[in-house]
Each structure stands twice: as C-alpha cells, then as structure tokens.
Amino acid sequence: MSSEIKNVEYGLEKIFEGAQDFLPLLGTDYVEFYVGNAKQSAHFYKTAFGFQSLAYAGLETGMRDRTSYVLAQGKIRLVLTTPLTSESPIAEHIKKHGDGVKIIALWVEDATKSFEETVKRGAKPFMEPTRESDEHGEVVRSGIYTYGETVHLFVERKNYKGTFLPGFKTWESPYNPEPVGLKFIDHMVGNVGWGEMNTWVKWYEDVMGFVNFLSFDDKQIHTEYSALMSKVMSNGNGRIKFPINEPAEGKKRSQIEEYLDFYEGSGVQHIAVATDDIISTVTALRARGVEFLSAPPHAYYEEIPARLGAHMSMMKEDINVLEKLAILVDADEEGYLLQIFTKPVEDRPTLFFEIIQRMGAKGFGAGNFKALFESIEREQALRGTL
Ligand code: FE2
C-alpha cells in the first residue's frame, strides 16, 4: 500500500517557499493529561515507560486546586494533573472524557504574538497571554482551543531557567527506573467526528498556518469491516505533525467511532514517540508490563523483503526478532520505518501510544494500516464494540 503515497509531495520547504510563517514553532513543549489520580499515573509512566521525575506542583508548593507531576524522557515532557476538588473544571473534564490529553503545549519565541495571530484568524481563546515568574525568571503562556475540548498552549520560556514552570519545584525521587530510549514526540493524532476532518484541516491551515502534506481516504484505509480517513497536517519547519482521523462508513463500528463514543467527543487518539533502537525499547517496555497490539500473521513478515525492495539491503534488524516483538515495518521512497502500537493506556478504549523508529521514511506506516486495524478489531471484538 505504500506505493499509493508515492505521488504525494513531501517537500515541505517547497510548499512553504515564499510564504511567511506567522506561527513559528520551536517544538512540542509538553503534553498535559487530566487524570483521576496523578500520583498513580506518574508511578505508571515511570515504571512502565521509563519516564524520569522532573517537577511537582501541589498543596506543598502553594497550588490549592490541583496536583501536577512532570515527567521527562529525552525531549518529551508529560504533565499529569489531578483536581483536588469536585468543583474543578478539571474534574468535569475527567468525568466526561476519562483520563486523556487536555493540552498539547507548543514551544514558541513569543506567546503573545502566537495568541494574537491565531485568534485573529479565528481561534477560540482558552487563555489570554499570562505572565508567571519566580526566582528563576519569567514564562509567558497563552492558549487556544482545537478539536473537542483539547487545547494548544503557546509557551515562551526564553527568560526562564527553572526546572519546568513557575509554581513547580524540582521533584526528587528515590525511585528512578531506567529510561527505555524514548527521544521525542514524532506526531500526535486527533480523532474528530463524522464529517469534521476537513473542517479541522482547514482550521490548521487558516489558524495555525499548517499544510496538509499527506492524505489517506477510506479506499486506502479499510479492512473487511471498517474504514477511516486521515490527513496529516504539518507546521512550516516540519517539527510538529498532527494527523487527523475521521471515521468512514463500514460494515461494523470502526476504532475511531469506538474512541469517539468512549471519549465522548473529539480528542487525542495517540502519541507517537521516537526511539533510535525500537528492538531494545520494545523489549524493555514489554518486560515492564506495557501491553501492545498483537502481531499480524506470519505471512506479513514473509512479505517484508518484497515490500522493502531496495531498502532491504540497509535493514539491520532481524525479521524474526521483529515478529517476536510484533513490530511492524513499512517503507516509502526515502527509506523504511519500524513501528508498534500499545493497547489503550486507560480502561476506556481511548488514548494509546505508538513507538516509532524512522530509517529515512517520512510516512506514517500506511502500508501497515490494514494489519494494524485488523489487530485493533480483534481487541474491539473482545470488548463487544466492533
Ligand atoms: Fe501514528
């Protein structure tokens, strides 16, 4: 199936030539989850995923309405936040959606200008530019709503030298399981409702200055039972990539519909994190109890040399090891990639993680979509939600 994306324009520099980027993004700053019990979630992400303790805010630091734990691995920062009272809007969010991603924070030079430029273009404000400071300096943050109740915060930290943000203290913990080699966020995918994908594609184009650089329709992404559509949005320098999925009509209920039913609306479906050694990362994650989707049939692995073609000669990984770990392989014109998907990390079948190692390929594993969705459908059948 990877041949179907061959004609797509990958050259983002070319697309952006001459255009002025009104929203320069330096990278992902952090991802904040609203969760029912941040203390226990933090323990899970340390133990299972190898995140390291970084910062803390709560009653002890003067925060009265919530507790937040900040974890780091490579360039990835996760913030896990729990409300301390039932009146908190955070509690309402958890009541409706369960645990999930509330904030995708983006690192910018100028949070005030980022807010003005996006709101001017139609963004719904979440937080006016707000200055916070402590003895380590000053941070300016602002925010806008994207799909569902999800938010993009703009974080300007050029005048700040503290561990995370004002109001947080360094979190020193005697319990520090080893990292598993997660380096940075490769992409984050949003699921949106029926007929809404193009609305959000246009929103990212108009409001954020992103471009749609890859598209997959329901003819390309389907199994016997279900289908979906997906469009990949990228910012100007290619550091931020947000694919957007929408369900499509099929014989049975697709995983996107299942997500929308259980999250009760649009939201973040998965966070893809990059490693440069997926075999050691996945081996470590499995040993720590992280659950992954099951492997495709053996025939899938027998077909890998044919699918990789010329890239097969540069492949260092042993296919038998990949099969044992259930790691998937895909290729495009520029190289190949290795990827694997966890099962949902909450009891509601909503958010999951992807582990990805890129060996030149810039796609998203389109050649694996069918195998992947069939694997998810086996899980859905067990849940009675197919
Ligand atoms: Fe992905």
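Eight strands make up an open sheet, in the order β11-β12-β13-β10-β14-β17-β16-β15, with mixed pairing. Strands here are DSSP runs of E of at least two residues, helices are runs of H or I of at least four, and both are numbered from the N terminus; two strands count as paired if DSSP finds at least two bridges between them. Strands of a sheet pair through backbone hydrogen bonds, either parallel or antiparallel. At the edges stand β11 (211–216) and β15 (328–332), each with a single partner strand, so one side of each has no neighbour in the sheet. On average, neighbouring strands of this sheet are turned by 25 degrees against each other, direction ignored. For angles, axes are lines fitted to C-alpha atoms (for helices, over the stretch in contact), and the values run from 0 to 180 degrees between N-to-C directions.

A word on provenance before going on. This is a predicted model, where local features need pLDDT of at least 70 and side-chain atom pairs count only at pLDDT 80 or more, while totals for chains, interfaces and linings use all residues. Residues are numbered from 1 along each chain as its sequence is written, and side-chain values use heavy atoms, with hydrogens and water left out.

Helix α6 (residues 255–263) lies across β10, β12 (227–234), β13 (241–248) and β14, and runs at about 115 degrees to β14. Contact, here and below, means heavy atoms within 4.5 Å.

Now for the metal. Which residues coordinate the iron ion? They are His187 (NE2), His270 (NE2) and Glu354 (OE), at 2.0 to 2.2 Å. Donors are N, O and S atoms within 2.8 Å of the metal (3.2 Å for Na, K and Ca), and water is not among the atoms, so sites may look incomplete. Along the sequence the donor residues follow the spacing H-x82-H-x83-E. The histidine pair links distant parts of the chain: His187 sits in strand β10 (residues 184–191) and His270 in strand β14 (residues 267–274), 83 residues apart. Both His187 and His270 are buried, where buried means under 20% relative accessible area, exposed means over 50%, and partly exposed is in between (1.4 Å probe, protein chains only).

Follow the sheet out to β15 next. This strand pairs with β16 (residues 335–341) in the antiparallel sense over five bridges, and Val329 stands opposite Leu338 in β16. Asp330 lies in β15 and is buried, with a relative accessible area of 4%. Its side chain makes a polar contact with the side chain of Arg307 (3.2 Å). A polar contact is a pair of N or O atoms within 3.5 Å; within protein, one must be able to donate a hydrogen and the other to accept it, and residues adjacent in sequence count only if both atoms are side-chain atoms. The backbone nitrogen of Gly367 also lies 3.0 Å from a polar atom of the Asp330 side chain.

Asn368 is in the loop between β17 (352–359) and α11 (369–383), and it counts as buried at 1% relative accessibility. Leaving aside residues up to four places away in sequence, Asn368 touches Tyr300, Arg307, Leu328, Val329, Asp330 and Gln339.

Elsewhere, look at strand β7 (residues 137–145), which is mostly covered, with seven of its nine residues buried. The hairpin of β7 and β8 has five residues between the strands, and in it Gly148 takes a positive phi near 60 degrees.

Finally, zoom out. The protein has 11 helices and 17 strands. Its radius of gyration is 21 Å, close to the 21 Å that the globule rule gives for 386 residues, so the protein is as compact as a globular protein of that length. That radius is taken over C-alpha atoms, and the rule is 2.2 Å times the number of residues to the power 0.38. Of the 386 residues, 57% count as buried. Among contacts with a separation of 6 or more, 69% come from residues 24 or more positions apart.
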